[in-house]
Amino acid sequence: MSLSDISPRIAGQDKAAATRVYRAILQSIREGALREGDKLPDERTMSVRFEASRGTVRHALAMMEHQGLVVRKVGSGTYLKESAEQVLSATDLPVAAHHENVPTYAEILEGRLLFEPAMMELSARRADEEDFARMRQQLAVVREAERWLAFKEGIYGVHLAIFRATHNRFLIQVFETVINDRRAVDYDGRTGVHGPVSPLVREQAVRELSEIVEALVRRDGKAASRLAEEYFTRILGSLSLYG
């Protein structure tokens, strides 16, 4: 199996970014170049194909393993899991539609990816018990949400609680603006704002957000930053396939 069809997506971009490798591999899955059960090329081959370091490729594969897309077998290689297409097809993403008065979802995600992971260090240092209680309260909203609108509100509630934990009014105002922009377009809901949310989507969101929150509770800003970067990279990468 060859990845030659997707290598042009890397050319002309930041070849050192694991996010670009990650998104290219996702695209290959979407287009059928990689199928469930397939063995991925080894790190050296992908490093050459994508003109990226082996560490960059390894980071991209680690993100995919974390979200349940691949399994890495010692002494054998990396394989696309049998459930990979189910995980991708269940991604409950809004449409990256154009709006004249507010940024698109993709634009917002790109901006958040630039600064929000780094902000986790500040939240980890400054958060108090009330902040942690607020984060967990919003996680419960996400966990119990049966409808898409409640689910999205819960997710944004978790993020807002993390922003509030910085105790920085500028950062809090920035994210309140983000929420207002998303509400203004009903979150671009492709399934309808009152439609049901997929249990698989809900479980994945709860798991990823819970990991970020628990890292903050441990005051482990570096781990929270890494988890947040992976979280936004997954969503932005998937958006490029489905938006």
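A crossing of two helices is called left-handed if the near helix is turned anticlockwise from the far one by less than a right angle, and right-handed if it is turned clockwise. Keep that in mind for this predicted model, where α6 passes α7 in a left-handed crossing, while α7 passes α8 in a right-handed one.

## How the helices pack

| Helix pair | Packing angle | Distance between axes |
|---|---|---|
| α6 and α7 | about 165° | 8 Å |
| α6 and α9 | about 170° | 10 Å |
| α7 and α8 | about 165° | 9 Å |

Let's start with α6, which covers residues 129-144, and α7, which covers residues 148-164. They pack at an angle of about 165°, and that makes α6 roughly antiparallel to α7, since angles over 145 degrees count that way. On the α6 side, the residues that touch α7 are D131, R134, M135, Q138, L139, V141 and V142. Facing them from α7 are A150, F151, E153, G154, I155, G157, V158, A161, I162 and R164. Sorted by class, this contact of α6 with α7 has 10 nonpolar, 3 polar and 4 charged residues.

Now for the other partner of α6. With an angle of about 170° between α6 and α9, α6 is roughly antiparallel to α9 as well. Here α6 brings F132, M135, R136, L139, V142 and R143, and α9 answers with R202, A205, V206, L209, S210, V213, E214, L216 and V217. The class count for α6 with α9 comes to 10 nonpolar, 1 polar and 4 charged residues. Look at M135, L139 and V142 of α6: they show up in the contact with α7 and again in the contact with α9.

Next along is the pairing of α7 with α8, the helix of residues 169-184. Their angle is about 165°, so α7 and α8 are roughly antiparallel to each other. From α7, the contact takes in E153, Y156, H159, L160, F163 and R164. From α8 come L171, I172, F175, E176, V178, I179, R182 and R183. By class, that makes 8 nonpolar, 1 polar and 5 charged residues.

## The empty spaces

Rolling a probe the size of a water molecule over the atoms shows where empty space is left. How many cavities of 30 Å³ or more does a search of the whole structure find? It finds 2.

The second largest cavity has a volume of about 90 Å³. Its lining is made up of Y22, M63, H66, Q67, E208, E211, I212, L227, E230, Y231 and R234. Two or more of these lining residues come from each of α3 (54-66), α9 (199-217) and α10 (221-242), and α10 has the largest share, with 4 residues. The lining divides into 5 nonpolar, 2 polar and 4 charged residues.

Then there's the largest pocket, which holds about 210 Å³ of space. It has 11 lining residues, and T19, R20, L113, L114 and L236 lie nearest its centre. The elements giving two or more residues to this lining are α1 (18-31), α5 (105-126) and α10. Which of the elements gives the most to the lining of the largest pocket? That's α1, with 4 residues. In terms of class, the pocket lining has 5 nonpolar, 2 polar and 4 charged residues.

Methods
Residues numbered from 1 in each chain as written. Predicted model: local features only at pLDDT ≥ 70, side-chain atom pairs only at ≥ 80, totals over all residues. Heavy atoms only, no water. 1 Å grid on protein atoms, 1.4 Å probe; cavity = no way out; pocket = protein on both sides within 12 Å on 5 of 7 lines; lining within 4 Å. Points joined across faces, edges and corners; volume = space filled by probe spheres on them. Nonpolar A, V, L, I, M, F, W, Y, C, P; charged D, E, K, R; others polar. Axes fitted to C-alpha atoms, helices over the stretch in contact; angles between N-to-C directions. Parallel < 35°, antiparallel > 145°, perpendicular 65-115°, else oblique. Contact = heavy atoms within 4.5 Å.
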